[in-house]
Amino acid sequence: MLSKSWCLKNRDIRLPKKMSYVQNGAVLNDRYKIDNYVGDWNGERFFYARDLQVDKPVILKAFDPEDPRIDAHIELFKECGGLQGIPTFVDHFTTLGSEFIAHSHTGIRLQGILNDRLFHISKENTIRIGYRLFRIIQSTHLKGFLHRDIRPLTIMFDVAQNGELCVNLSYFGHATRIYAPSLNNPVFLQPFHSLNVTRGEIYTRIDDYLSIVFVMLTCQTVNPFHFNTNRHLTALEKKENFHANPYAALTPETMWLGDLYLQLEEMRADRISHLQAMTAVRRAIPGFDPQSAITYHYDAENGHLLID
């Protein structure tokens, strides 16, 4: 269940009502066979399942029937689903006293990949990952949506049929229309949100891009906002210190991420253009093409993925 440290307030969230236990192997809506229960996050109940009509894996999300985000989820998936890096909407149905949304699900979470390795991801692959995430977010912004929850747990990697490693987003519990009313903007205390968001200010497009920069820092094992880093400081104080001088928290090999952070923050004062954001990440490492393929090692037998 969502902890109080995750957010101070969120008028969007309604925790799901007690739902009957769904046993592994049960079939919902005569179509979705439950593989296993994943957990409850942000007022949503998650299940891994298999779509028996097409024999493919899906995520099932159960909502309280009165949850105001159901229509927003469906709207987002219908408008953005199938875009590069965004899951495909599959179904919406009611059963067991809950509203269910089904969407495609493939890949391995970035958080798991980072947990399995002793060393940081290479600088080259870090910028490749960041560029692809920028491109995905650019597409959702152009459709009129903010993601608002980009972090290693919501980023997936999947090996395509051509062997290329693809980057996807997997969770949209905080997604909303751009320029949503202030009442729909929770106060996040999460390490991957910007200073402005941590202060409770209106979430904007630039904040999605800044979350990606913080993910890139984590890929480089630089974690200035981690709970165990400067534990005497609050989440807000850590963000304020970083914002005042990002280079103080960086290693010599990651100074370029400080440059990227400051460039994006400078765009906040102006009306950000997607071209500006994409140009900033493309030029983060002079002479390097971030569109080049991510290098990796994948063991299909045990599902272990190592990004160089």
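In helix 6 (residues 235-244) of this predicted model, the buried residues are Lys-238, Lys-239 and Phe-242, where buried means under 20% relative accessible area, exposed over 50% and partly exposed in between, with a 1.4 Å probe and protein chains only. They lie on the same side of helix 6 because they cover an arc of only 95 degrees around the axis, the arc being that of the directions from the helix axis to the C-beta atoms. An α-helix has 3.6 residues a turn, so residues three or four places apart point the same way. The cover over the buried residues of helix 6 includes helix 4 (195-198), helix 5 (205-219) and helix 7 (255-269).

Because the model is predicted, local features need pLDDT of at least 70 and side-chain atom pairs count only at pLDDT 80 or more, while totals for chains, interfaces and linings use all residues. Residues are numbered from 1 along each chain as its sequence is written, and side-chain values use heavy atoms, with hydrogens and water left out.

**Overall composition**

- The protein contains eight helices and 13 strands, which are DSSP runs numbered from the N terminus, helices being H or I with at least four residues and strands E with at least two.
- Of the 308 residues in the protein, 50% are buried.
- Among contacts with a separation of 6 or more, 65% are between residues 24 or more positions apart, a contact meaning heavy atoms within 4.5 Å.
- The accessible surface of the protein is about 14700 Å², and carbon and sulfur atoms account for 51% of that area; accessible areas come from the Shrake-Rupley method with a 1.4 Å probe, and for residues only the protein chains shown count as cover.

- The structure holds twelve aromatic pairs, a pair being rings of Phe, Tyr and Trp (its six-membered ring) with centres within 6.5 Å, where planes under 30 degrees apart count as stacked, over 60 as edge-to-face and the rest as tilted.
- One of these is the edge-to-face pair of Phe-214 and Phe-225, with 4.9 Å from centre to centre and 70 degrees between the planes.
- This pair links distant parts of the chain, since Phe-214 is in helix 5 and Phe-225, eleven residues apart from it, is in the loop between helix 5 and helix 6.
- With Phe-242 in helix 6 and Tyr-261 in helix 7, the pair ties together parts that are 19 residues apart in sequence; Phe-242 is buried at 4% relative accessibility, and Tyr-261 is buried at 1%.
- Elsewhere, one aromatic cluster is formed by Tyr-32, Tyr-37, Phe-47, Phe-93 and Phe-100.

**The loop between helix 5 and helix 6**

- Val-222 is placed in this loop and counts as buried at 7% relative accessibility.
- Leaving aside residues up to four places away in sequence, Val-222 touches Leu-217, Ala-249, Leu-250, Thr-251 and Thr-254.
- Val-222 and Leu-250 are 28 residues apart in sequence, yet their C-alpha atoms are 6.9 Å apart in space.
- Thr-221, in the loop between helix 5 and helix 6, has a positive phi of about 55 degrees although it is not a glycine, and at 48% relative accessibility Thr-221 is partly exposed.

**Strand pairing and turns**

- Three strands form an open sheet in the order 7-9-10 with antiparallel pairing, two strands counting as paired if DSSP finds at least two bridges between them.
- The edge strands, each pairing on one side only, are strand 7 (108-109) and strand 10 (165-169).
- Strand 9 (residues 155-159) runs antiparallel to strand 10 and is joined to it by five bridges, with Val-167 in strand 10 as the bridge partner of Phe-157.
- Strand 12 (residues 296-299) and strand 13 (residues 304-307) are antiparallel and pair over four bridges, and Ile-307 in strand 13 is the bridge partner of Tyr-296.
- These two strands form a hairpin with four residues between them, and Gly-303 in the turn has a positive phi of about 75 degrees.
- Asp-55, in the loop between strand 3 (44-51) and strand 4 (56-63), is a residue other than glycine with a positive phi, near 55 degrees.
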